[in-house]
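Keep the sequence and the 3D view open as you go.

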Amino acid sequence: MKEQLQKDFDNSIKNLSLSQKDIEIKKFCLNNFIDKGFPNRKEEDWKFSDLNQIIKKNIGELSFYNDQASTNKVDTSVFVDGLEHNKIVFINGRIEKIDFEYEKKDQIEIIDQSETINEFKNSNSLSDLNNAFTNKCFKILVKKGYQLVKPLIIYHTTNSKIWSKNINLRLNFELDKDSSLRLIDLFNDTSQKNFLNIFYNFEIKENAVLKNYKVDKFENKNIKYSFNNIDQDKNSISETFILSSGSNFSKNEITCNLNGVYASAFVNGVFSLNNEKHHEIRSIINHLTENTKSYQLIKSVLDENSKAVYQGKIFVNSDAQKTDGYQLSKAILLNKDSEFNAKPELEIYADDVKCSHGSASGSLNEDSIFYLMSRGLSYQQSRELLINGFLLDVVEKITDSEIKNLIKNMIGIKE
Amino acid sequence: MDNRQKEINNLKDYKYGFSTDIENIQAPKGLNEDVIKFISNIKKEPAWMLEFRLKSFERFKVLKEPDWQKPKFPKIDYQDLYYYSAPKSMKDKPKSLDELDPKLLETYKKLGIPLQEQARLNGIAVDAVFDSVSVATTFKDELTKQGIIFCPISEAIQNHPELVKKYLGSVIPTSDHFFATLNSAVFTDGSFVYIPEGVRCPMELSTYFRINASNTGQFERTLIIADKGSYVSYLEGCTAPMRDENQLHAANVELIALDDAEIKYSTVQNWYPGDKDGKGGIYNFVTKRGLCKGKNSKISWTQVETGSAITWKYPSCILKGDNSVGEFYSIAITNNHQKADTGTKMIHLGKNTKSKIISKGISAGSSDMTYRGLVDISSKAKNSTNYTQCDSLLMGNKCGAHTVPYIKNKNSESNIAHEATTSKISEEQLHYCQQRGLNPEEAVGLIVNGFCKEVLQQLPMEFAVEAQKLVGISLEGSVG
């Protein structure tokens, strides 16, 4: 893999106009990645999902070079109907379109950031890979007091014209004071067996609100890793919803740093898996100052040899008195070969806190099925009704009604 | 303040902190094959036992000390320890208590474990382990009548080699982790219990561990076998003198329950926790593992962990037999600079297996406490259930409480439920108690005892009273 990395790296550097300093940084990151390789099960954070093995088994050798010069045709058929929205379109890892047609142009700034230095906490070798190969890094700045009228949908599309086996994406967002953004990530993959490595960084200033909905619904054979780093100031709110269903393997990692008082973070997730899929959500909520709040709810329905993993951590710093942290994960195993692993973790250094977690996994409740069948439903109908209700609970947590309905329609959950 | 006064003051905090001035035989300092041969030789062990030790030592040489645990500690120099230390008077085994060194008798009397016949605790048979040897076992005759074997493991190696050979290392193999393997190589003494088929052990069996010599590691090994349809309740108590340096205690405990057998293992661990500034104290790195080998068997661990500078242990159950049951009840209290990383592992292999985990952690002062546990239901363990509850109580804002459960469910017909909470003692509760005339310390004691009640109830009567007092004492000075 080393030669391939080196070769592809040299190729991609050639096509970019970078300063010497940037090249040095990229080289440094590349060497870091070459040293460490893909994360494997020996690393605590990857204990349940050995990415190195998964890539080896599903893709084999990777290639990394993407020709960013040639444009891809934007396929408008993937766009969401019935909801007016702003768009960013990624096709095969290249930004093809940035369109804020519904917004005041002077309130949103799109900054091309050349600096690639990575300063995430909890970074791993994948962030090095990302740094080494991302070609363009945009920062989207929502200015003070501006609240986007329409949601922003980021389309992640891959198709058969893809150049390499690996795509690295990077976006930064800054929400200035009193601003708000609703962001939907929509994955649409027709390519086969690629590794997507996505990094988002959010800075949420005082009183700002971020709502991020990640929807990976369409069946595909790709392997995805997505990392969200969210830094929150006083009184800010972040809401993250993850629908984890379509890809062969997917790991969503979310780090929330609650830096300001009264900041709150919500992470909700649904795993709906079948067909030997293996998905993971890992969340780290860092309560760094007093009076912060976090709430997490993850539900899984697992069929046909699928495997879901939830690793959630609530960290409470010694200054973070009056923290309120809650975390619940529930799983229904439908098939005897399905598997649910959880590691709900609490690390607490302050005494005046209220933190709890719960985790439960098991089969569908036979009594409930009996109840429904005795009222005239078939076994299949009862089963569907119960699963529907089980998942609806999480979808109902979405605070934006427009998007809630959109997601309900997408995944076919009835009220 | 003169030294004597200081000592008295210290003893107030930890009343078992005295040391016994006694002449010792020690193995040469350090860890090598000669030392292992020395231990084996002095215990007059058969060749297969020495082989077992040397095999373990071979394996130990390639192992690395683990470092994933939460409490970090300075590197232990394994060559700077004595691996065997025994009172000189024990060299030629005294045949009866009358021949036993009065100093030893006095020590145990001071610890509240009288060994002489007239003062023995009723209904509890005691095996007293002093540094590396077992000095006395009480009620031996009564037990023998029922066919129960309760003796030091070094004696069992001589007298019951077939049992020891069959079961030693069957739950904790010589190829296990670092500290367990070290123990397999150098273990000195401990208790051996065999309950024959269909026998319900008429009294509590108990071992009292005492570390006395300085710079000595204690490596005891306990092996308990409950044959078909038998029952035994076993208690373990431990204390050590106050010394400024840290001492290592790395024991291995193996439990084997055959068909329909039940083992109840209770520990009240009160090793010297170090002084208020975190100086000294025992490193308690113990491997405890029970195997529910037969169907319908049951193993239940109860632990009250109040001592040790660092406690690092996970009493586990391997539920191999169908319908077997594993239980874990724990109270862990850390104060001052104590650290604990403890919990359990429940490994479900058989059908219809059940496990229950109740863990209560209390941290005060500048201490740090971690619950770390694993519940693993394998794909063959149909219809299994687990219930876990771990609650932590924080007292003061310099301490930490952490919960790290690993939950693996590979069977769709099995259910796992896990709950954990972390909080502090509520002002309302304190206020209520104080209003009714309790001082703050008593109020905290009362609330904490209530918090721990579910676990304390699991202890045998005699221990429960002691443990309840211990809970109060351990938290002294942590209020306000």
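**Exercise 1.** How many bridges join S3(A) to strand S4 of chain A, and do they run parallel or antiparallel?

*Solution.* This is a predicted model: local features need pLDDT of at least 70, side-chain atom pairs count only at pLDDT 80 or more, and totals for chains, interfaces and linings use all residues. Residues are numbered from 1 along each chain as its sequence is written, with chains lettered from A and ligands numbered from 1 in the order in which they are written.
- Strands (E, at least two residues) are DSSP runs, numbered from the N terminus.
- Two strands pair if DSSP finds at least two bridges between them.
- Find S3(A) at residues 108-112 and S4(A) at residues 138-142.
- Five bridges join these strands, which run antiparallel.
- Check one pair: A:Glu109 has A:Leu141 as its bridge partner.

**Exercise 2.** How many residues does each chain give to the contact?

*Solution.* 
- Two residues are in contact if their C-beta atoms, placed from the backbone, lie within 7 Å.
- Chain A gives 32 residues and chain B gives 30 residues.
- On the chain A side, S18 (339-348) and S19 (354-362) each supply at least two residues.
- S18(A) has the largest share, 10 residues.
- Now cross to chain B: seven bridges join S19(A) to S25(B), residues 415-424, and the two run antiparallel.
- There, A:Ser356 has B:Thr421 as its bridge partner.

**Exercise 3.** Which residues does B:Val193 touch, not counting residues up to four places away in sequence?

*Solution.* 
- On chain B, list B:Ile149, B:Phe150, B:Leu205 and B:Ile224.

Key. Helices (H or I, at least four residues) and strands (E, at least two) are DSSP runs, numbered from the N terminus. A residue is buried if 20 or more other C-beta atoms lie within 10 Å of its own, exposed if 12 or fewer, and partly exposed in between; C-beta atoms are placed from the backbone.
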